[in-house]
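Morning, everyone. I'll take you through one structure today, a few spots at a time. Please have a look at it first.

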Amino acid sequence: MSRFTIPLSIKTILKWTAICLIIGICSGSASALFLVALNWATNYRENHTWIIWLLPIGGLLIGLLYHYFGKSVAKGNNLILEEYENPQNTIPLKMAPLVLIGTLITHLFGGSAGREGTAVQMSSAIADQFTSLFKLNPSERKTILILGISAGFASIFGTPIAGAIFALELLYFSKINLRSGIMSFIVAYIAYFVVEFWQVKHTQYSIPILPDFSISVLFWILLSSIFFGLAAMIFSRTTHFWALLFTKFISYPPLRPFIGGSILALVLYLMGSNKFIGLGIPTIVEAFQNANTNYDFLLKILFTGFTLGAGFKGGEVTPLFFIGATLGSALSVYIPLPIALLAGLGFVAVFSGATHTPIACTFMGMELFGYESGIYIAIVCFLAYFASGSVGIYSSQILKGPKALFYQKWNRKNTMNL
């Protein structure tokens, strides 16, 4: 069968319709449960700030859980990418409860992390169970993993188009067949509407003022794109740096988040501020309205990279939103563009650079901020994508497309010069 042929047999259509429905419902429900629990954990921590002193204990608990029960799923999102590229074993279902518990502990006690990694891992682990249930072949199993990523991302952020494209782009389009592409959109919308059914709300953002397109506006957007790309590069390399450092100097894995949590709790106490822990949604919202301080984005990079590098659980994307929005907000003092526009552009551009997914981030920006801002969002996402370097947040992600070609030529040129 050609890779671009859509199977039309009634049996095949019914099978994949059932798979999309079940994955969408299960993933959407899991994300809804996670969002409600995460909201509770965040509110409890904000009302009982003393609990941050228990961050080392929470880290130790996460470390012990993964060391004794979750070694096979400790790679998280990287395991999903590796299984897509080189299928070996079905992703254990225990990935879902372990990452859910680990992320809630991280947020409850004051770690700086996101949520997309948790949703994607839960959804992919659930989806992959259908590989054996429906006796799917290796090619069909790749479709299952795409559906899991798509449903998890779409449901956790309320962006079905971006979720579908993110799954396809993350796994590089060249190995995606048309059937997988179509079903990625179907399952994304199912998961999205399931969260809506459970009446779980997503944070709303807006860019109320857009300047008329001009050469000067284009210049400032090009300039800001470079800053956003560099921020993405710093975040990716910082996260990998801390992970390597903890692995090198602390041989017993459960001690890594315990020691990391102890350091974080002490630093937070000395700072006297909880601004850089958890998701940081209030700060993101504020960044769209008032100019941010110049260093907030750097501190969020430091806190999140350290938290995740130490072994705490959660995602990277919401911290990337924080970093991009606060950086854009800070740049509004120097760049003559509306503050909400710069915050919104940074919001998606830093994410684009860190994940190598400019198309998905472009559509995410339009879903969140409105399609009328699409031209600005597309420009900044693609330029930040190129400016962020070849290292992203997912170490197992295979870099493909124009960015890969660009850096291959760059490396060859530098090698020849040497």
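Let me start with a question: is Tyr 172 buried or exposed? Tyr 172 is buried, because its relative accessible area is 7%. Buried here means under 20% relative accessible area, exposed means over 50%, and partly exposed is in between, with a 1.4 Å probe and protein chains only.

Before I go on, the ground rules. This is a predicted model, where local features need pLDDT of at least 70, side-chain atom pairs count only at pLDDT 80 or more, and totals for chains, interfaces and linings use all residues. Residues are numbered from 1 along each chain as its sequence is written, and side-chain values use heavy atoms, with hydrogens and water left out.

Back to Tyr 172. It sits in the loop between α8 and α9. Helices are DSSP runs of H or I, at least four residues, and strands are runs of E, at least two, numbered from the N terminus. What does Tyr 172 touch, not counting residues up to four places away in sequence? Glu 85, Ile 398 and Lys 400. Contact means heavy atoms within 4.5 Å. Now take Asn 290, which is 118 residues from Tyr 172 along the chain. Their C-alpha atoms are separated by 37 Å.

Helix α8 covers residues 160–170, and helix α9 covers 178–197. They pack at about 140 degrees, with axes 8 Å apart. Axes are lines fitted to C-alpha atoms, for helices over the stretch in contact, and angles run from 0 to 180 degrees between N-to-C directions. So α8 and α9 are oblique to each other. The cut-offs: under 35 degrees is roughly parallel, over 145 roughly antiparallel, 65 to 115 roughly perpendicular, and the rest oblique.

Who makes the contact? From α8, we have Pro 160, Ile 161, Ala 164, Ile 165, Ala 167 and Leu 168. From α9, the list includes Phe 185, Tyr 189 and Tyr 192. The contact residues divide into 10 nonpolar, 3 polar and no charged. Nonpolar means Ala, Val, Leu, Ile, Met, Phe, Trp, Tyr, Cys and Pro; charged means Asp, Glu, Lys and Arg; the others, Gly among them, are polar.

How do α2 and α11 pack? Helix α2, residues 55–69, meets helix α11, residues 255–271, at about 160 degrees, with axes 7 Å apart. That angle makes α2 roughly antiparallel to α11. On the α2 side, the contact includes Leu 55, Gly 59 and Gly 63. On the α11 side, Phe 258, Gly 261 and Ala 265 are among them. This contact has 8 nonpolar residues, 4 polar and no charged.

On to the rings. How many aromatic pairs does the structure hold? There are 28. Rings of Phe, Tyr and Trp (its six-membered ring) pair if their centres lie within 6.5 Å; planes under 30 degrees apart are stacked, over 60 edge-to-face, and the rest tilted.

Two examples. The ring centres of Tyr 205 and Phe 369 are 6.5 Å apart and the planes are at 75 degrees, so this pair is edge-to-face. Tyr 205 is in the loop between α9 and α10, and Phe 369 is in helix α16, so the pair ties together parts 164 residues apart in sequence. Tyr 205 counts as buried at 12% relative accessibility. Phe 369 counts as buried too, at 5%.

The other example is Phe 321 with Phe 347. Their centres are 4.0 Å apart and their planes at 15 degrees, so they are stacked. Phe 321 belongs to helix α14 and Phe 347 to helix α15, 26 residues apart. Both are buried.

Last, some single residues. Ser 236 is in helix α10 and is buried, at 0% relative accessible area. Beyond its neighbours within four places in sequence, it contacts Ala 354, Val 391, Gly 392 and Ile 393.

Gln 199 is not a glycine, yet its phi is positive, near 60 degrees. It lies in the loop between α9 and α10 and is exposed, at 64%. His 356 also has a positive phi, about 60 degrees, without being a glycine. His 356 is in the loop between α15 and α16, but it is buried, at 8%.
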